[in-house]
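Subject: Structure handover

Hello,

Here is the structure I said I would pass on. My notes on what was found in it follow below.

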2 protein chains.
Amino acid sequence: MISQKAKYALRALVALVRASGHGEPVLISEISRSQAIPKKFLEQILLELKRAGIVMSRRGRAGGYVLLRAPDKVTFGEVLRLIDGPIAPLPCLSKIAYRRCSDCADEGTCEIRHVFARVAEATRDVLDRTTLADAVADRVAVLQD
Amino acid sequence: MISQKAKYALRALVALVRASGHGEPVLISEISRSQAIPKKFLEQILLELKRAGIVMSRRGRAGGYVLLRAPDKVTFGEVLRLIDGPIAPLPCLSKIAYRRCSDCADEGTCEIRHVFARVAEATRDVLDRTTLADAVADRVAVLQD
DNA sequence: CTATACCCGATCGGGTTGGTCGGCTTCCGC
DNA sequence: GCGGAAGCCGACCAACCCGATCGGGTATAG
């Protein structure tokens, strides 16, 4: 299960993609309203996305948020890792935060690790290839990837 | 990330498969020692596996645990669902515990749901097809499935 | 009858999650 | 150059979950 926060982040980004084109910044309160996300919580989330270089903001009157990259340059995997941490189901399978399993003697012969390595590969295959652009695109097209 | 508890459960089951063949029950304390799992915690886990009909026990002297089904009849998916709950990354994608996403208006057009449906399918594909027997079997053979 | 080993409910410390509050800083328009 | 709109930021909070431990209870072989 991905966290509520990650879901909000993805939703907000999709909303940003949709609302842009005009080039004008989108208000937090606007996203909050249209996506039914608690405003103050959304604030924190967008801030994180900003610090990660996915999004930028303008302050003051007529401020708001703008996507910083092209929608096809932002993957679901990147956002998920940022908000929820490692995607891998075991710490010893994570690329961004590898940690040895304290209890397993030899990684090469660990049966559990071996099975979940396949899971990790499969999910990464989807998440690191799917971008915001894909998500927003026609639902039929998404299936062909 | 799967929980420590689920990891313990899978480890314990694999140990059971390995230790059986003699037909004699395996002691909690034996599994606990060989797999480095806290004994009392392991107790709870095996109890759950028992209630789920995966394993059975005999009490008293010469007691212990025995796998109740053939190793190729116990999937990783079943164990994971039992211990950690739904495998699906979103509640609205779970088969065992479907819950509507309160915030998304229409599931058919929800982009996030759409992407994660593919993730769910991919992981289920691995977890529901892989059994304890596969895990214990020769590591080369596992790859061909 | 007693030692052994499983059964089971309660509890617990610490961390995470999902959010709220209040105030500060920046910027635009007048 | 000032007022207000908007983002920035840290502190705080209740609820929940996770990993584990404790203290017994109960069945069963010998």
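Chain A has seven helices and two strands. Read from the N terminus, its elements come in the order α-α-α-β-β-α-α-α-α. Please keep in mind throughout that this is a predicted model. Along the principal axes, the C-alpha atoms of chain A occupy a box of roughly 60 × 35 × 25 Å. Of the 145 residues in chain A, 32% are buried. If one takes the contacts in chain A between residues at least 6 apart in sequence, 57% of them link residues at least 24 apart.

The two strands of chain A pair with each other. Strand 1 (residues 55–58) and strand 2 of chain A run antiparallel and are joined by four bridges. Within this pairing, V66(A) of strand 2 is the residue opposite M56(A). Five residues lie between the strands of this hairpin in chain A, and G60(A) has a positive phi near 70° there. G60(A) comes up again below, as one of the residues that come nearest to DNA strand C.

Next, the relation between the two protein chains. Chain B is superposed on chain A by a rotation of 180° with 0.0 Å of shift along the axis, at an RMSD of 0.1 Å. This is the relation of a two-fold axis. Among the residues of chain B, A122(B) is the closest to the rotation axis, with its C-alpha at 3.0 Å.

At the interface, 27 residues of chain B contact 28 residues of chain A. On the chain B side, the elements that give two or more residues are helix 1, helix 5 (111–127), helix 6 (132–136) and helix 7 (139–142). Helix 5 of chain B has the largest share of that side, 10 residues. By residue class, the side of chain B that touches chain A consists of 18 nonpolar, three polar and six charged residues. The interface residues of chain B are 100% interface residues in chain A as well, so the copies meet through the same surface.

At least two residues of the surface near DNA strand C are supplied by each of helix 1 (4–19) and helix 3 of chain A, and helix 2 (28–35), helix 3 and strand 2 (64–67) of chain B. Helix 3 of chain B gives the most, with four residues. The surface near DNA strand C splits into eight nonpolar, eight polar and eight charged residues.

DNA strand D has 25 residues around it, and here I28(A), S3(B), Q4(B), P38(B) and G60(B) come nearest. Two or more residues of the surface near DNA strand D come from each of helix 2 (28–35), helix 3 (39–51) and strand 2 (64–67) of chain A, and from helix 1 (4–19) and helix 3 (39–51) of chain B. For DNA strand D it is helix 3 of chain A that gives the most, with four residues.

Regards

Conventions
Residues are numbered from 1 along each chain as its sequence is written. Chains are lettered from A and ligands numbered from 1 in the order in which they are written. This is a predicted model: local features need pLDDT of at least 70, side-chain atom pairs count only at pLDDT 80 or more; totals for chains, interfaces and linings use all residues. A residue is near a molecule or strand if its C-beta atom, placed from the backbone, lies within 6 Å of it. Two residues are in contact if their C-beta atoms, placed from the backbone, lie within 7 Å. Ala, Val, Leu, Ile, Met, Phe, Trp, Tyr, Cys and Pro count as nonpolar, Asp, Glu, Lys and Arg as charged, and the others, Gly among them, as polar. Copies are superposed by least squares on the C-alpha atoms of residues with pLDDT of at least 70 in both. A residue is buried if 20 or more other C-beta atoms lie within 10 Å of its own, exposed if 12 or fewer, and partly exposed in between; C-beta atoms are placed from the backbone. Two strands pair if DSSP finds at least two bridges between them.
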